[in-house]
Amino acid sequence: MAAGSARYVRYILFAFFVLAVFYFISNSGTIEPPIKLPAGSATDETPAKGKSPTTGGTTVGSTGGSSNAGTKDELRVGPNLDPAEFPMPMSPADPGWDDLSGVREGPRMNATFVTLARNGDIWEIARSIRQVEDRFNRRYNYDWVFLNDKPFDAAFKKLTTSLVSGKTFYGEIPKEHWSFPPHIDQDKAKKVREDMAQRKIIYGDSISYRHMCRFESGFFFHQPLMLNYDYYWRVEPSVELFCDIHYDPFRVMHEGGKKYSFVLSLYEYVETIPTLWESVKKFIKNHPEHIVPGNSMGFLSDDGGDSYNHCHFWSNFEIGSLRWLRSQAYTDYFESLDQDGGFFYERWGDAPVHSIAAALMLKKEEIHFFNDIAYYHVPFTHCPTGDKIRQQLKCHCNPKDNFDWKGYSCTSRYFEINGLEKPEGWENQQD
């Protein structure tokens, strides 16, 4: 009997508990819906292969693409906004310098990041993406184009899409852009590779490296996905960015009339380009109309162009104009070099090819040095010179690793031909 009474008491208490919980839930506040992410976020579906990215701007937080201001919850983002209304913070004294969170309002250039990678590079490129996103792109949401001579697999697409704040696009390089052109003597090219292997010239025996250099020199900017853009920022696997980027480098390029930019420069391996300058001089003779006054010949040559001093901008980092690379001047230049066969009969790299073109076909003021974008790609580092600027940019690079003023760097030469004052303390980093 006592046991039965105890059960009834337990039932009554349980019923009372259930009713109390129900009453609490029914009278509590409404649960807010999940936050809707901006268009182009990592959760958006990646466009199918071959689908072109849109180039129009969006108003993040609204339903339209208007460039006009809306409610206080809207962010004005797009290609048609007046830059004067959105000045960039170029120094700590400028408004917005410390605003490094959230999506930044203002104009967006018709620009993309571009990476040449293979499926096996997935974790190395993931590292690079996080560097770029954390230091810059999470506030700007620019697109990212990935190119490969083979189809990208689902794992590569899934991971990279999840990391990029903008839209991601994946392109397969056509065979004619990643193979020996018909005019190349295969036996001759093979003997060159064998000879370079014996002499232990870096990548001297590699076929794929030569295809890569030729592709980056003459074809990446003609890929269908790249035709949608005016500017590119090249990113390679396993790079590091050591400092915060407070402004939009694409806007700096566009608004400053810049067409090519760099952070590192050095001398090329002489053994890889023994006849490159002879091919360049032939091009100059055949196309004098493409050589602009006020160019940077002094960066390339110590004797007015008779010989090449082997200086070049390191092209694994470059931000540049796609319209310039698709111009008739650059097209004539690449086709002339390509016909001479040096990509396969020697081991011409895309870095000297790009650099020579920029130095000859662009005015000095159209080439830009991004001193405040601190960068590492094995084995060289660009770390901004000066304690003050490094602290302002919250850099974590070791100034002793800065390559800019070492004997094998050509950055001093760039400063000298442009009449630029070297930063305070550069003498202490020479060697």
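Residues are numbered from 1 along each chain as its sequence is written, and side-chain values use heavy atoms, with hydrogens and water left out. Because the model is predicted, local features need pLDDT of at least 70 and side-chain atom pairs count only at pLDDT 80 or more, while totals for chains, interfaces and linings use all residues.

**Confidence**

- The protein chain has an average pLDDT of 87, where pLDDT is the predictor's confidence in each residue, from 0 to 100.
- A score of at least 70 is reached by 83% of the residues.
- Over residues 1–73 pLDDT stays under 50. Where pLDDT is low, the predicted coordinates should not be read in detail.

**Nonpolar cores**

- The largest nonpolar core holds 61 residues; such a core is a set of buried Ala, Val, Leu, Ile, Met, Phe, Trp, Tyr and Cys residues joined through side-chain atoms within 4.5 Å. Buried means under 20% relative accessible area, exposed over 50%, and partly exposed in between (1.4 Å probe, protein chains only).
- F220, W324, Y330, Y333 and I356 have the most contacts inside this core, and its largest share, 7 residues, comes from helix 12 (residues 350–361). Helices (H or I, at least four residues) and strands (E, at least two) are DSSP runs, numbered from the N terminus.
- Another core, of 42 residues, lies apart from the largest one and includes Y170, Y231, F317 and F380.
- Beyond four places in sequence, Y333 touches V280, F283, P352, V353, I356, A357 and M361, contact meaning heavy atoms within 4.5 Å.

- An open sheet of 3 strands has the order 7-13-14 with antiparallel pairing; two strands pair if DSSP finds at least two bridges between them.
- Strand 7 (240–241) and strand 14 (380–382) each have a single partner strand, so one side of each is left without a neighbour in the sheet.
- Strand 7 is joined to strand 13 (residues 375–377) by 2 bridges, and L241 stands opposite Y375 in strand 13.

**Salt bridges**

- The structure holds 21 salt bridges, each a side-chain nitrogen of Lys or Arg within 4 Å of a carboxyl oxygen of Asp or Glu.
- R130 and D134 form one of them (3.1 Å, N to O); the two residues are separated by about one helical turn because they are 4 residues apart in helix 2 (residues 122–135).
- R323 pairs with D230, their closest N and O atoms being 3.1 Å apart. This pair links distant parts of the chain, 93 residues apart; R323 is exposed at 58% relative accessible area, whereas D230 is buried at 19%.
- K259 pairs with E366, with the closest N and O atoms 3.5 Å apart, and these residues are 107 residues apart. K259 is partly exposed at 31%, whereas E366 is buried at 14%.
- Salt bridges that share partners join E216, R234, E236, E318 and D350 into one network.

- R390 lies in helix 13 (residues 387–392) and is buried, with a relative accessible area of 10%. Beyond four places in sequence, its contacts include C383, C397 and Q429.
- V103 lies in the loop between strand 1 (77–78) and strand 2 (106–107) and is buried at 19%. The C-alpha atoms of V103 and R139 are separated by 4.1 Å, although these residues are 36 residues apart along the chain.
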